[in-house]
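Reader: I would like to learn how to read the features of a model like this one. Please show it, then take me through it.

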Amino acid sequence: MKKQEYHPFEDNAGEFQDKLFETRIEAVNLAYKKAPKSEWAKYAERMIHIIFLLLGLITVGCVLLITVYLVISGIPAIREIGPVDFLFGREWASTAAEPRYGILPFILTSIYGTAGAIVIGVPVGFMTAVYLSKLASPKVKSVMQSAVSLLAGIPSVVYGLVGMLVLVPGIRKVFNVPDGASLLAAIIVLAIMILPSIIKMSVTALDAVPKEYEDASLALGATPIETYFKVSVPAAKSGIAAAVVLGVGRAIGEAMAVMMVAGNVPNMPDSLFQSVRFLTTAVSSEMAYSSGLQQQALFSIALVLFLFIMLINAMLNFFLKQEKE
Amino acid sequence: MSNIITVKDMCLWYGDHKALNNVNIDIPEKSITAFIGPSGCGKSTFLKTLNRMNDLIPGVKITGDIRYEAKDIFGRDVDVNNLRKEIGMVFQKPNPFPMSIYDNVAYGPRTHGITNKVQLDEIVEQALRDAAIWDEVKDRLKKNALGMSGGQQQRLCIARALAVQPKILLMDEPTSALDPISTSRIEELVMELKEKYTIVIVTHNMQQAVRVSDYTAFFLLGELVEFGKTDDIFSQPKDKRTEDYITGRFG
Ligand SMILES: Nc1ncnc2c1ncn2[C@@H]1O[C@H](COP(=O)(O)OP(=O)(O)OP(=O)(O)O)[C@@H](O)[C@H]1O
Ligand SMILES: [Mg+2]
């Protein structure tokens, strides 16, 4: 552009615009020149970096601390009882004259309870997610999603309470058994408790499926339902798998609600109507008055539980990583 | 030559916004018809009306008469899934499913009830051959389709559309995301396909319309301004607006 004189009283609007533009550019350049990064700014930058790092390390530190503590305090009892007797012993009688520390009933109860919750909760949660993500009108979707969020926010003691007052007597009446507090009651409560996380994560995964995939399917003459199940769900499968694993994690770690509805007796889970005790409740129900080897054995149970959860987390990470790819 | 699609006095609204106004057009069978016009004039909208993909958008209202093989496409007895099977579509952005190449092509036939492996193999191979991509993919049919180049993906999408044996293929700017070599491959392909199929192609590329199409429709602001033989439209347009557009004076 040629440099031109600016004559405010002449009719040269175009040039005036150009001039204005140049002036603005100069002003911006000047502003940048005036503010080189000062030493102080660099220092602050570094400080903030360190602060964030420290905050991050707190979390990592907690995890490490818990792991180390659990391993250290969980190993002695396993050594003393013997890993086979401990893990595969069928009887738990910690306060007997001749105490027995077999936790197979707890392990199996936790596995059955979780599996049962998954068998009920996953189909229901999955179908709900498909409905919410693909079929529901926006209004229904938002109402139901807030209901699901609410369900997620209810404290587990409330689940336990409702289970105790409604589910347990219900089971007793419907199945005509002496006590309704049972594995079945725990499974049902757990199934309901894992619903929100399964629904929410699955909806997120299904919502993220590109619309182009669905359009392509519809344009080939597939019905909407065919499209959702043959295209959208497979495209979201790792997210849905992660949702299921998350549900497993919640179910296996839940203590309060199952303590209230499962009867909390250390039986082998031979039937759905057996009163049972979970790994989590095994720890919490005796911790208060335990001592000596009994207390150490409780730490060992916690360690076993911890290992289960680590395993589930590893699976979750695996699925989430897959989804990213 | 008979007309496979006839449209009379068709209007379309997105809510309150009238996107198409009084469109009348007859699309001849086994030929290539190009839709041209500036951005936002309603080409995609019109294309998506023909296979009723607009039904999926809430708030769309359509009036007028659209006939495919003399049958009202909005008629009560029309199965929309069957209509879409007969009137296939290729989208602007290549959109293969995140599955293997084979499964992509087999998706349509499977959906329409073909389960026999031998039969499926045959259909998949034929579709891939028709889409001029068989030689490039025959050794990796089990590989994920997302690992292919954009041009290959688009030809795969064409193969996928062909695998359900449509009569019409609607293509919305199928080459706009592709390099010149892929583009010319697809243009050649389109010209071969008109032996068997009726093709409607939206394009912003005037040369492309001239190169491939037999008929051209010029849209402007939701109206069909002019429709006729491509040679006529580009050599002696009747409407001043068409002339302005094809000579690049606006748009
Ligand atoms: N889903 C929709 N909802 C509301 N309005 C829409 C929708 N899709 C398109 N429109 C409007 O309809 C008009 C026509 O759009 P259309 O996509 O058909 O144009 P086009 O000719 O295909 O343009 P382009 O060449 O940019 O693809 C535009 O004004 C657009 O804003
Ligand atoms: Mg368009």
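Author: Start with contacts: a contact means heavy atoms within 4.5 Å. In chain B, 66% of the contacts with a separation of 6 or more join residues 24 or more positions apart. This is a predicted model, in which local features need pLDDT of at least 70 and side-chain atom pairs count only at pLDDT 80 or more, while totals for chains, interfaces and linings use all residues. Residues are numbered from 1 along each chain as its sequence is written, chains are lettered from A and ligands numbered from 1 in the order in which they are written, and side-chain values use heavy atoms, with hydrogens and water left out.

Reader: How many helices and strands does chain B have?

Author: Helices (H or I, at least four residues) and strands (E, at least two) are DSSP runs, numbered from the N terminus. Chain B has 10 helices and 10 strands.

Reader: What radius of gyration does chain B have, and what would a compact globule have?

Author: The radius is taken over C-alpha atoms, and the globule rule is 2.2 Å times the number of residues to the power 0.38. For 251 residues the rule gives a value near 18 Å, and chain B agrees, at 18 Å. Its C-alpha atoms fill a box of roughly 55 × 45 × 35 Å along the principal axes.

Reader: What share of chain B is buried?

Author: Buried means under 20% relative accessible area, exposed over 50%, and partly exposed in between (1.4 Å probe, protein chains only). Of the 251 residues in chain B, 55% are buried.

Reader: Which helix of chain A is largely enclosed, and why?

Author: That is helix α12 (residues 279–286), because 6 of its 8 residues are buried. The buried residues of α12(A) are A:Leu279, A:Thr280, A:Thr281, A:Ala282, A:Val283 and A:Glu286.

Reader: Where is B:Gln165 found, and is B:Gln165 buried or exposed?

Author: B:Gln165 lies in the loop between α6 (150–162) and β7 (168–172) of chain B. With a relative accessible area of 57%, B:Gln165 is exposed.
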